[in-house]
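Biologist: Please show me the structure and walk me through the words you use for it.

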Amino acid sequence: VGPQSKSEDFSLKPGRLVRGRVVNAAGQPIGGVCVVLNQWHCHTDPQGYFNWSVEAPVPQEVMLQVYKKYLSQYETLETTVALSQLESQPITLKNR
């Protein structure tokens, strides 16, 4: 940025927000869990929620990987899941 900076043109693609939740086998939220959707990576908040802003075209299914880094109490989950399922029911991590 400076007095002779060139302007940049860009556009944002339409998309939508996807929200999910990670819980343990007792239904309690797990904060700080790593959630990888396709190639996108985020962490859950203290209530177990994560948000993903996906651009169009919105996929019907996503590759899902969920794990609690630095804590071996929970199993790693790797699967393919329908986006509608991801939003309608929590992801449950099982204890080892």
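This is a predicted model: local features need pLDDT of at least 70, side-chain atom pairs count only at pLDDT 80 or more; totals for chains, interfaces and linings use all residues.

Biologist: What makes a stretch a strand or a helix?

Modeller: Both are DSSP runs: a helix is H or I with at least four residues, a strand is E with at least two, and numbering starts at the N terminus. One example is β3, which spans 40-43.

Biologist: How do you know that β1 and β4 pair?

Modeller: Two strands pair if DSSP finds at least two bridges between them. β1 and β4 have seven bridges, in the antiparallel sense. G20 has F50 as its bridge partner in β4. R21 stands opposite Y49 in β4.

Biologist: What makes β1 and β7 a pair?

Modeller: Three bridges join β1 and β7, in the parallel sense. The cut-off is at least two, so the pair counts. N24 has L93 in β7 as its bridge partner.

Biologist: Why is the pairing in the sheet β4-β1-β7 called mixed?

Modeller: This open sheet has three strands in that order. β1 pairs with β4 in the antiparallel sense and with β7 in the parallel sense. In general, strands of a sheet pair through backbone hydrogen bonds, either parallel or antiparallel.

Biologist: What makes β4 and β7 edge strands?

Modeller: Each of β4 and β7 pairs on one side only. The twist averages 30° from one strand to the next. Such angles come from axes, lines fitted to C-alpha atoms (for helices over the stretch in contact), and run from 0 to 180 degrees between N-to-C directions.

Biologist: Which strands form the sheet of four?

Modeller: The order is β3-β2-β5-β6, an open sheet with antiparallel pairing. β3 (40-43) and β6 (77-82) are at the edges; each has a single partner strand, so one side of each lacks a neighbour in the sheet. Neighbouring strands here are turned by 25° against each other on average, direction ignored.

Biologist: How do you know that β2 pairs with β5 and with β3?

Modeller: Four bridges join β2 to β5, and four join β2 to β3. Both pairs run antiparallel. V36 stands opposite Q65 in β5, while V35 has C42 in β3 as its bridge partner.

Biologist: Is N38 called buried, partly exposed or exposed?

Modeller: Buried means under 20% relative accessible area, exposed over 50%, and partly exposed in between (1.4 Å probe, protein chains only). N38 is at 33%, so N38 counts as partly exposed. L71, in the loop between β5 and β6, is at 36% and is also partly exposed. N95, in the segment after β7, is partly exposed at 43%.

Biologist: What makes both faces of β2 covered?

Modeller: C34 and V36 on one side and V35 and L37 on the other are all buried.

Biologist: What makes a nonpolar core, and which residues have the most contacts inside this one?

Modeller: A core is a set of buried Ala, Val, Leu, Ile, Met, Phe, Trp, Tyr and Cys residues joined through side-chain atoms within 4.5 Å. The largest one has 19 residues, and those with the most contacts inside it include V22, V35, F50 and L64. Among the elements that each supply at least two residues of this core are β1 (15-24), β4 (49-55) and α1 (83-88).

Biologist: What does L64 touch?

Modeller: Contact means heavy atoms within 4.5 Å. Leaving out residues up to four places away in sequence, L64 touches V35, L37, L86 and I91, among others.

Biologist: How do you know that R19 lies over the face of Y49?

Modeller: A charge sits over a ring if NZ of Lys or CZ of Arg is within 6 Å of the ring centre and within 35 degrees of the ring normal. R19 is at 4.0 Å from the ring centre of Y49 and lies over its face.

Terms used
Residues are numbered from 1 along each chain as its sequence is written. Side-chain values use heavy atoms; hydrogens and water are left out.
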